[in-house]
Amino acid sequence: MASSFVIRLATRKNLNWMLKTAAGLGWRPGREDQEAFWAADNTGFFIGELNGEVISCVSFVKYSSSFVFVGLYIVDEPYREKGLGYGLKTFQAGMASLPEGCNVALDGLVHKESVYERSGFKIAWVTTRRLVSVSTVVSTFCDCVPSFGVAIKPAQEISFDKIMQYDSECFQVPRPAFLERWINLTGRKSFVAIDAQGDVVGIIVARSTVRLEKDGYRIGPLFADNDDIACALL
């Protein structure tokens, strides 16, 4: 019998599977991350089914009509690197769904640069991810103090409109539905730096990962006007 490969929009239940699969690959997604991404764009998630079984997925979260971020590009291990094309077809379906002329970004692997270039992507910058123990963070940053006149407060005590304005300046576009959930979901610690004029000058969110006992917490975003404020937020 011929195989049947079908690509469709993911359901909310499928999204849980996508995050769980990412955690199994060691990607360290945050607990309940899917709630924020789903709120931002519930039409931005795609799955590929082979004979009714999910074997591939990808997300194209549209934060606005002009900016999209790609993630969760996964193909089950038995179907990878064999020229079967299931992952590529899933990716192409996501690309075909995007508004014309929008900017598309993704986190990529350096050794896969040529693959991304064939899809039209170019390197914007290289990021570094760091793993550190809580005790090291505490000992390193315990003496950090923000700039004169700057106070660190829980995000829930600050006007959301002010937080969103600052985040928009750092992120490129406003993302209110995403941000409101991102800073308030269960298991998160969100803090904001406020200057003497009451303006937001920094923000940090730390969230527990899906595999908390193994992977701990993830920090992001961390936006700040200067290094002193960033250290104080940490």
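## Packing of H1 and H2

In this predicted model, the axes of helix H1 (residues 12-24) and helix H2 (residues 33-40) come within 10 Å and cross at roughly 135°. Axes are lines fitted to C-alpha atoms, for helices over the stretch in contact, with angles from 0 to 180 degrees between N-to-C directions. Helices (H or I, at least four residues) and strands (E, at least two) are DSSP runs numbered from the N terminus.

H1 and H2 are therefore oblique to each other (under 35 degrees is roughly parallel, over 145 roughly antiparallel, 65 to 115 roughly perpendicular, the rest oblique). Arg12, Leu15, Asn16 and Leu19 of H1 meet Asp33, Gln34, Glu35 and Trp38 of H2, where contact means heavy atoms within 4.5 Å.

## Arg175

Arg175 sits in the loop between helix H6 (160-171) and helix H7 (176-182). Its relative accessible area is 8%, so Arg175 is buried (under 20%; exposed is over 50%, partly exposed in between, with a 1.4 Å probe and protein chains only).

The side chains of Arg175 and Asp167 are joined by a polar contact of 2.8 Å. Such a contact is a pair of N or O atoms within 3.5 Å; within protein, one must be able to donate a hydrogen and the other to accept it, and residues adjacent in sequence count only if both atoms are side-chain atoms.

## Ser56

Ser56 belongs to strand S3 (residues 53-62) and is buried, with a relative accessible area of 0%. A polar contact of 2.7 Å links its side chain to that of Thr90.

## Basis

Residues are numbered from 1 along each chain as its sequence is written, and side-chain values use heavy atoms, leaving out hydrogens and water. Local features need pLDDT of at least 70 and side-chain atom pairs count only at pLDDT 80 or more, while totals for chains, interfaces and linings use all residues.
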